[in-house]
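Student: I would like to learn how to read the features of a model like this one, step by step. Could you begin with the terms and then turn to the case in hand?

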Amino acid sequence: MAQSKDASASAQKYDAKTLAKKHRISVEDAGRILAEHGNDRKAADKAARCIAV
């Protein structure tokens with residue numbers, strides 16, 4: 001079966017700008033979170049929620 005163009009969100013690489021915009025944090029903070037948690041969206045979202053103002 002061929003893969004579709006639209007991969008699921010969990011299969012795509014998480015971008016620092018996307019994470020920052022979603023949680024209203026700085027791109028620098030989002031970059032640090034992604035460096036620590038890699039492409040694990042659940043862990044990155046949880047960490048971003050902890051520092052979001």
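Tutor: A residue is called buried when its relative accessible area is under 20%, exposed when it is over 50%, and partly exposed in between, using a 1.4 Å probe and protein chains only. This is a predicted model, in which local features need pLDDT of at least 70 and side-chain atom pairs count only at pLDDT 80 or more, while totals for chains, interfaces and linings use all residues. Residues are numbered from 1 along each chain as its sequence is written, and side-chain values use heavy atoms, with hydrogens and water left out.

Student: Which class does D29 fall into, and in which helix is D29 found?

Tutor: Helices are DSSP runs of H or I with at least four residues, strands are runs of E with at least two, and both are numbered from the N terminus. D29 is found in helix α2, and because its relative accessibility is 26%, D29 counts as partly exposed. As for the chain as a whole, it has 3 helices and 0 strands, and buried residues make up 25% of its 53 residues.

Student: What does the side chain of D29 make a polar contact with?

Tutor: A polar contact is a pair of N or O atoms within 3.5 Å; within protein, one must be able to donate a hydrogen and the other to accept it, and residues adjacent in sequence count only if both atoms are side-chain atoms. In this case the side chain of D29 makes such a contact with the side chain of R32, at 2.3 Å. The backbone nitrogen of D29 is reached by the side chain of S26 at 3.0 Å, and S26 itself lies in the loop between α1 and α2, where at 30% relative accessibility it counts as partly exposed.

Student: How should I read the packing of α1 and α2, and which residues meet there?

Tutor: Two packed helices are described by the angle between their axes and the distance between the axes. The axes are lines fitted to C-alpha atoms, for helices over the stretch in contact, and angles run from 0 to 180 degrees between N-to-C directions. Here α1 and α2 pack at an angle of about 115°, with their axes 8 Å apart. Contact means heavy atoms within 4.5 Å, and by that criterion A16, K17, L19 and A20 in α1 meet V27, A30, G31, I33 and L34 in α2.

Student: Where do the buried residues of α3 lie when seen down the axis of the helix?

Tutor: In α3, which spans residues 41-51, the buried residues are A44, D45, A47 and A48. Seen down the axis, they fall within an arc of 165° (taken from the directions from the helix axis to the C-beta atoms), so they line one face of α3. These buried residues pack against α1 (16-23) and α2 (27-37), whereas K42, K46, R49 and C50, on the other side of α3, are exposed. At the N-terminal end, D40 caps α3, with a side-chain oxygen 3.3 Å from the backbone nitrogen of K42.

Student: Is H23 buried or exposed, and what is H23 in contact with?

Tutor: H23 has its place in helix α1, and because its relative accessible area is 12%, H23 is buried. Leaving aside neighbours within four places in sequence, H23 is in contact with D45, A48, R49 and A52.
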